[in-house]
Amino acid sequence: FAVAMQVLLSLAASVGATGDFGHVLLQEFSFPPDWTNLNQGSYGACPKVVQAARQRFQEDMDSNPEAYFRTNFSGDGRTKFADLVDDARQAVARYLDVDTDTVVLVENASHGINVVLRSMARFLRPDQAVLY
């Protein structure tokens, strides 16, 4: 996860630095040449470099799923998956220049917005509500 996150962050930084968007970035994706992607919000295609990193993670996980999800080799009560999630959070925190404890990874944007809006309930008076 951390490697994939750092790849995404470096790709975002390089795009932001050059201002290249649109057709210039098509070579970074696996889209068929005769197709125009208009729905990045629903599924979000990954750049080829992220696909390759994801494949490496998948192969590593499939080679020893116990190390990822159940077995704790270091004795600190953590799994490899938990360590990778924390590494990704640290990479995002460094990029945003914030404390790691303020970074939370969510499944998708809808879930993230739901978490934020629901967390606001504790700050509302009984006569207030958040509509979404």
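Figure 1. At 61% relative accessibility, Asp 127 counts as exposed (over 50% relative accessible area; buried is under 20%, partly exposed lies in between; 1.4 Å probe, protein chains only). The model is predicted: local features need pLDDT of at least 70, side-chain atom pairs count only at pLDDT 80 or more, and totals for chains, interfaces and linings use all residues. Residues are numbered from 1 along each chain as its sequence is written, and side-chain values use heavy atoms, with hydrogens and water left out. The side chain of Asp 127 meets that of Arg 125 in a salt bridge, 3.2 Å from N to O. The term requires a side-chain nitrogen of Lys or Arg within 4 Å of a carboxyl oxygen of Asp or Glu. A search of the whole structure finds three such bridges.

**Figure 2. The salt bridge between Asp 60 and Lys 80.** The closest N and O atoms of Asp 60 and Lys 80 are 2.7 Å apart. This pair links distant parts of the chain, 20 residues apart. Asp 60 lies in helix α2 (residues 48–63), Lys 80 in helix α4 (residues 80–96). Helices are DSSP runs (H or I, at least four residues), numbered from the N terminus. Asp 60 is partly exposed at 30% relative accessibility. Lys 80 is partly exposed too, at 34%.

**Figure 3. The salt bridge between Asp 86 and Arg 89.** Here the closest N and O atoms are 3.0 Å apart. Asp 86 and Arg 89 are three residues apart in helix α4, so about one helical turn separates them. Asp 86 is partly exposed, with a relative accessible area of 23%. Arg 89 counts as buried, at 16% relative accessibility.

Definitions and conventions. Helix = DSSP H or I, 4+ residues; strand = E, 2+ residues; numbered from the N terminus.
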